[in-house]
Amino acid sequence: MRSLLLAASVAVIAVPLTARARGASGEFEQRQSPHFVLHQDAVTGEASGLRGSRHFEQQVLDELERAYDELDHWLALRPHHRIEVVVYDPASFDAAFAGQFRFPAAGFYHGVIRVRGDTQLTVALSRVLHHELVHAALDAAAPTLWLPGWVNEGAAEWFEARTDGQRGLGLQQRAALAELARRGELYGLTALDTPTFAGFAPRAAQVAYLQSYALIDYLARQHGERSLAEFLAALIRSRNLDRALRRVYRLDSAELESRFAQELG
């Protein structure tokens with residue numbers, strides 16, 4: 001299970017007004033790229049140079065544009081409007097949003113992508129940006145559709161891992177799932193239908209995120225990775241989970257839950 005900070009999609013989070021306007025230095029720098037508007041206050045040192053704010057901003061925008069292309073390639077999602085992204089100074093992010101989650105959060109999406117920043121583009125920050133981009137893209141594709149949490153978070157976890165070069169669950173993740181199954185501690189799909197895991201306790205959230213990722217990975221292994229794009233398109237079009245599952249995978253949610261459990265032994 002993941003020991004890093006979790007990224008989230010939050011449908012009901014209350015974002016403080018102060019978090020929108022002020023960061024560590026009192027205001028956010030703004031930059032744009034073809035598909036993103038970036039506001040950042042993560043770098044408070046010099047503006048220029050390899051560790052300066054301008055270089056950091058360009059790194060983040062370049063990474064977001066790369067993720068945008070990957071998103072179209074893997075999940076056939078391509079938002080047509082510019083997506084707003086706010087990268088906070090870590091202390092400012094924690095102060096503004098710590099009370100909104102029961103677990104330490106690295107970022108979330110609620111109309112705007114908001115992430116806990118760094119002084120450079122790290123692998124961890126890159127993965128959070130990729131994760132939250134999936135939530136933003138799904139919201140752009142179907143703004144009034146409340147997706148089941150395991151689909152929403154599972155797709156984001158899968159894309160985050162896939163674009164980092166990971167094809168499917170790792171050995172430790174599989175072992176953790178098998179142990180959870182042996183103990184009878186896996187969630188039923190109805191428990192993972194909630195649109196957000198923000199109210200889950202830390203360990204429960206780790207299990208929910210891991211199991212959601214594993215469910216999407218299971219579907220990808222049944223009919224190939226490209227089937228995920230077909231599934232999401234069918235779900236967005238029909239607005240019916242079982243209809244989309246039957247159309248692409250020839251099963252419904254109850255059969256998916258049963259076969260997934262059988263695979264774990």
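Helix α2 (residues 53–75) and helix α5 (residues 149–162) have axes that come within 11 Å and cross at roughly 115°, where axes are lines fitted to C-alpha atoms, for helices over the stretch in contact, and angles run from 0 to 180 degrees between N-to-C directions. The two helices, α2 and α5, are therefore roughly perpendicular to each other, a label given to angles of 65 to 115 degrees. This is a predicted model, in which local features need pLDDT of at least 70 and side-chain atom pairs count only at pLDDT 80 or more, while totals for chains, interfaces and linings use all residues. Residues are numbered from 1 along each chain as its sequence is written, and side-chain values use heavy atoms, with hydrogens and water left out.

In the contact itself (heavy atoms within 4.5 Å), A67, E70, L71, W74 and L75 of α2 meet W158, F159 and R162 of α5. These residues divide into six nonpolar, no polar and two charged.

Further along, helix α7 covers residues 202–223, and its 22 residues should span 32 Å at 1.5 Å a residue, which agrees with the 33 Å between its end C-alpha atoms; the expected span is 1.5 Å times one less than the number of residues. Just after α7, G224 takes a positive phi of about 90°.

Helix α8 (residues 227–238) then has an axis that comes within 8 Å of that of α7, and the two cross at roughly 115°. Here I216, L219, A220 and H223 from α7 meet S227, L228 and F231 from α8. By class, this contact of α7 with α8 has five nonpolar, two polar and no charged residues.

Notes:
Helices (H or I, at least four residues) and strands (E, at least two) are DSSP runs, numbered from the N terminus. Ala, Val, Leu, Ile, Met, Phe, Trp, Tyr, Cys and Pro count as nonpolar, Asp, Glu, Lys and Arg as charged, and the others, Gly among them, as polar. Angles under 35 degrees count as roughly parallel, over 145 as roughly antiparallel, 65 to 115 as roughly perpendicular and the rest as oblique.
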